[in-house]
Amino acid sequence: MRKKNSAVPRYSELITPTFRALKDLGGSGSNEEILSQVIKNMNIPDEVADLPQPGHENMSSLAYQLAWARTYLRNFGVIENSSRAVWSIKAEYMDKDSVDDKAVIAHSYELRKKKQNKDKEKAEEKPDDGDPTNDEVEYPEEAKPWRIRLAEILQTMDPFGFERLAQRVLRECGFSQVEVTKKSGDGGIDGTGKLKINGIFSFNVAFQCKRYSGLVGAPAVRDFRGSLTTDIEKGVLITTGTFSKAAREEASNPGKQQIDLIDGEEFINKIAE
């Protein structure tokens, strides 16, 4: 992996940038906000930021390395995350300007070593005690084995089944009257629904599902926007892959109809919720 994506900073090089990104974001931020802020602060070019992570088709290599950096910072007690994948700096670190990268890494290595010794002792004394393995030290949240397996299922499931799954997830997120359109003649729109905000404001929403393995670029966002009719007030583009930096910028381009993006990582988060 390092040989293929050698231009991508390693997690050990991203610990301080992750901390600084959260500081710049006011002390808290989502995965996507942290990613965007790190790219901005480190002046990472698009072609590097968009490199895919082998074996994790719903993540870029940079996002994968940042996931490890966040996990190490969490293990050390610098940051914490909510159930909605929002990370925040703990109160005792809010006034600090930097963190000790080496100490952060050493702490996680020590946790891993203790876990390995504990697992070895359990295997020798009580092989089948039914105690689930704690993989928090071994895997960042976004790269845990169950998430990888779920990503594989989403990539290989029937296209219409994926649209129905998206329909269910949107309903769970508060959408109503969610319908999956017919397979032909839908003009690039896979479904429609309504979203009511605070029980007062309603928006007509159209969504499109792309079971991509890898990167979804800006042209896909432009094509979807072009398929929206005048009665549609919001568009949601859902993919099992990940969006390029150019796609994210196109989706939020001022003066154009805004498109909300749900990548593979966020879609899995919604399923988990």
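**Terms and their grounds**

The protein chain has an average pLDDT of 83, and 87% of the residues score at least 70, where pLDDT is the predictor's confidence in each residue, from 0 to 100. This is a predicted model, in which local features need pLDDT of at least 70 and side-chain atom pairs count only at pLDDT 80 or more, while totals for chains, interfaces and linings use all residues. Residues are numbered from 1 along each chain as its sequence is written, and side-chain values use heavy atoms, with hydrogens and water left out.

Q: Which elements of the protein chain have the lowest and the highest mean pLDDT?
A: Helix H5 (residues 101-125) has the lowest at 78, and helix H1 (residues 11-24) has the highest at 94; helices here are DSSP runs of H or I with at least four residues and strands are E runs of at least two, numbered from the N terminus.

Q: Over which residues does pLDDT stay under 50?
A: That stretch is residues 128-136, for which the model has 11 contacts beyond four places in sequence, contact meaning heavy atoms within 4.5 Å. Where pLDDT is low, the predicted coordinates should not be read in detail.

Q: Why is H2 called roughly perpendicular to H4?
A: The axes of helix H2 (residues 31-42) and helix H4 (residues 61-76) cross at roughly 110° and come within 11 Å, the axes being lines fitted to C-alpha atoms, for helices over the stretch in contact, with angles from 0 to 180 degrees between N-to-C directions. Angles of 65 to 115 degrees count as roughly perpendicular, under 35 as roughly parallel, over 145 as roughly antiparallel and the rest as oblique, so H2 is roughly perpendicular to H4. Asn31, Ile34, Leu35, Val38 and Ile39 of H2 meet Leu62, Ala63, Leu66 and Arg70 of H4.

Q: Why are H6 and H10 described as roughly perpendicular to each other?
A: Helix H6 (residues 145-156) and helix H10 (residues 264-272) pack at about 105°, their axes 11 Å apart, and H6 and H10 therefore count as roughly perpendicular. On the H6 side the contact includes Trp146 and Arg147, and on the H10 side it includes Glu265 and Phe267.

Q: Why does His56 count as buried?
A: Buried means under 20% relative accessible area, exposed over 50% and partly exposed in between (1.4 Å probe, protein chains only); His56 has 10% relative accessibility and therefore counts as buried. His56 lies in strand E3 (residues 56-60) and, leaving aside neighbours within four places in sequence, is in contact with Tyr64, Ala143 and Ile148.

Q: Why does Glu163 count as buried?
A: Its relative accessibility is 14%, so Glu163 counts as buried. Glu163 is placed in helix H7 (residues 159-172), and beyond its neighbours within four places in sequence it is in contact with Val180, Asp190, Phe207 and Cys209.

Q: What makes strand E1 (28-30) and strand E4 (79-81) edge strands?
A: Each pairs on one side only, in an open sheet of 3 strands with the order E1-E5-E4 and antiparallel pairing. Two strands pair if DSSP finds at least two bridges between them, and E1 pairs with strand E5 (residues 86-89) over 3 bridges.
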